[in-house]
Structures are given as structure tokens and as C-alpha cells.
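This report describes a structure for a reader who is new to the subject. Please look at the sequence and the model shown below before reading on.

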2 protein chains.
Amino acid sequence: MVRLVVMSDLLERLRGRGWRMTAQRRVVAEVLDGEHVHLTADEVYTRATARLPEISRATVYNALGELVSLGEVLEVATDDRAKRYDPNAHRPHHHLLCSRCGTIRDVHPTGDPLADLPDSERFGFTVSGVEVTYRGLCPDCTTT
Amino acid sequence: MVRLVVMSDLLERLRGRGWRMTAQRRVVAEVLDGEHVHLTADEVYTRATARLPEISRATVYNALGELVSLGEVLEVATDDRAKRYDPNAHRPHHHLLCSRCGTIRDVHPTGDPLADLPDSERFGFTVSGVEVTYRGLCPDCTTT
DNA sequence: ATCCTACGATGGACCAATTCCAAGTCAATA
DNA sequence: TATTGACTTGGAATTGGTCCATCGTAGGAT
């Protein structure tokens, strides 16, 4: 129920931003919005084909790239080869990543890492953001 | 001068750890150790061929993978497609990355991000490490 | 409601980064 | 210095992603 509301918010927001809505784009947006884990492009494609079998891989990549440019989705680089897509771009958060299976969860640490980087460690850079990635084993991978 | 000492330390350490030493492995280790920027596998390969023209790409990948497993080198995932290799694994540090040109610098923020992740935000994971990546524009890219 | 047309979708070719594999080579031990 | 299991090789295969010419369609205009 809540998810449906959130989902239509996303679609509404995209439409309002002038994003031309097509069946394919809607499906990609819905797939991302319905998940709380961070999917790879291929996982998005698999889930999208379940709803819209004719959708093409290229279209999924296009839509993901556009959502990233619009700032609605975050691209997360992992040690895996595949990037993952984080639909929770509107709220600041960081990531907890299982080094065995690649699962990613959003986490909210305390403290402000930006404040922890003194000027003397900025080397003339204009620093605009931080990402914090915790690594470990998820419950499933710990036991098996 | 200092670099030569450090380099032989690395080779010594690897030998002591039972790492079978070959011309190819020595060259890869030397290339990494001689650089203060973080190279891609391909850049390592290029520099390695300068010293040992017959070395194969597969060997470079093998050696890099082994150095990573041994904990002597850190694998850094960037937004680029290629991973980068950070030979400074023995000292804890984080990264400052130019979002325009991809340059990476090592930085040493204050504070302990591991302490900033409460149990309630660990979701049953066994957390073993953190990486902090600051993003911004380097001095060169700020002005141009 | 229908027509236009610019923008989106398609799928197959292409590319870059990395891994795999079978055969040849060599470092370290005896 | 002979042996041998570990290392190296290069080429093929795989993976993740991009490009492009052509076809289709959302949404504004009529």
C-alpha cells in the first residue's frame, strides 16, 4: 500500500520533470521503486521482462542512465563488475555491502564524515560529497 | 632512495610469506610499489611490458589478484569501468577522487567511521571494514 | 478522435575489461 | 641437476555495457 503511493510519487515526479512516459520506462521505474535491495542492470532487466517481455536490454540501460542523470537514482560502484542502482537517492545514506554475495543495504551512520576531512587533507580539491561503504558478511553468508 | 628501501621491503615481505618469486611477479610488484597514483590493471600491464616485454596480460591479472588476496594491495572500485590498485594497503587511509578526471589521492580523515555504525544499523552483518570516498574536483579540474 | 513528428525502443553488432584453459616453462627443493 | 608442482602464456570465451540504423509511439496540434 505504502509502496504503491511511493511508486506513483516517483512516476508523478518523473512526469512532472518532463520525462516522456512509455511502457518500458514505467516498468523500469516500477521495478527499481519496488525493491529495497540495489539491483544490477541485469537484475532490473530480468524483473522488467517479467512484466513486459519484449523490453530490450538497451532500453533498460538507457532508462537507468536517464534516471541517474535526473538524480532520481544513484549508481553504486562495487567490487563486482556490475554497477548497482539505488532508487533511494532523495535521502542521504550510506551502504553496507556483503563481500561474499554482493548484497547491498542502506545504512544511516551517525556523525558527519565531511567534517572529518581537515583542509590540510583536501589538497586543493573542491570536495562535494562523501560515500561511506561498510563491508562484511551478511547473515546468510556468515553461516554458510 | 626511500622508495628503493620500501620496494625491497615489499619483495622481502612477499618472499617471506611464501610467495614464489618469478620475474613477472617481481615486475608487477615493483611497478605498483614505484607509483603513488593508483593504476588500472592495464596501466600496470603497460608499465610491466616496458621492463619485461614478454609478460602476458593474464599474468598481470593473476599477480594483482594474488597481491589483493595477500592484503598487500587494495582493489579500488571507481565509477570507471576499470578497477584501480592501491599499493598502500598497510596503512589505513581513505580516498579523495576527482569526479572529472578520475585521479585518486589517499587521505587520512579524523574519526572512526566504524564506531559510527550502531548495532541497530548492522542488520546481522559481521562488519569487517569501511571505505570512505570523498568526491570533488581536483585543483586542475576546478579551474579549467 | 486523428494526425504528425520528434523522441524512444529495438536487437544485433561491437567494445573493453576480465577470466578461462590447455600446453609449455621454470623456481625451489631434494 | 633432476624433478615437479606451481607459474606463465596467448588466444578464446565471458561479462557488462555501448552504439547505431531502423521501426514504433507518446503526446501536442488540429
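## A buried histidine

A residue is called buried under 20% relative accessible area, exposed over 50%, and partly exposed in between, with a 1.4 Å probe and protein chains only. His38(B) counts as buried because its relative accessibility is 5%. The model is a predicted one, in which local features need pLDDT of at least 70 and side-chain atom pairs count only at pLDDT 80 or more, while totals for chains, interfaces and linings use all residues. Residues are numbered from 1 along each chain as its sequence is written, chains are lettered from A and ligands numbered from 1 in the order in which they are written, and side-chain values use heavy atoms, with hydrogens and water left out.

His38(B) is located in the loop between helix H2 (23-34) and strand E1 (39-40) of chain B; helices (H or I, at least four residues) and strands (E, at least two) are DSSP runs, numbered from the N terminus. What surrounds His38(B)? Apart from neighbours within four places in sequence, His38(B) is in contact with residues including Arg84(B), Tyr85(B), His95(B) and Asp106(B), where contact means heavy atoms within 4.5 Å. With Asp106(B), the side chain of His38(B) makes a side-chain polar contact of 2.7 Å. A polar contact is a pair of N or O atoms within 3.5 Å; within protein, one must be able to donate a hydrogen and the other to accept it, and residues adjacent in sequence count only if both atoms are side-chain atoms.

## Two domains in chain A

Chain A comprises domain 1 (2-86) and domain 2 (94-143), with bounds that come from an automatic or database domain assignment. The C-alpha centres of these two domains of chain A are 23 Å apart. Between them, about 600 Å² of area is buried, and carbon and sulfur atoms give 52% of it. Buried area is the accessible area (1.4 Å probe) that two parts lose on being put together, summed over both. On the side of domain 1 of chain A, His38(A), Asp79(A) and Arg84(A) lose the most area to domain 2 of chain A, together 51% of what that side buries.

The interface of the two domains of chain A has one salt bridge, that is, a side-chain nitrogen of Lys or Arg within 4 Å of a carboxyl oxygen of Asp or Glu. Arg135(A) and Asp79(A) form a salt bridge, with their closest N and O atoms 2.8 Å apart.

## The interface of chains A and B

How many residues of chain B are in contact with chain A? There are 39, and they meet 38 residues of chain A. The buried area between chain B and chain A is about 3300 Å², with 57% from carbon and sulfur atoms. Two salt bridges are found across this interface of chain B and chain A. Arg135(B) forms a salt bridge with Glu131(A), where the closest N and O atoms are 2.6 Å apart.

Phe123(A) has a positive phi of about 50 degrees, although it is not a glycine. Phe123(A) lies in the loop between strand E5 (104-107) and strand E6 (126-137) of chain A. Phe123(A) counts as partly exposed because its relative accessible area is 30%.
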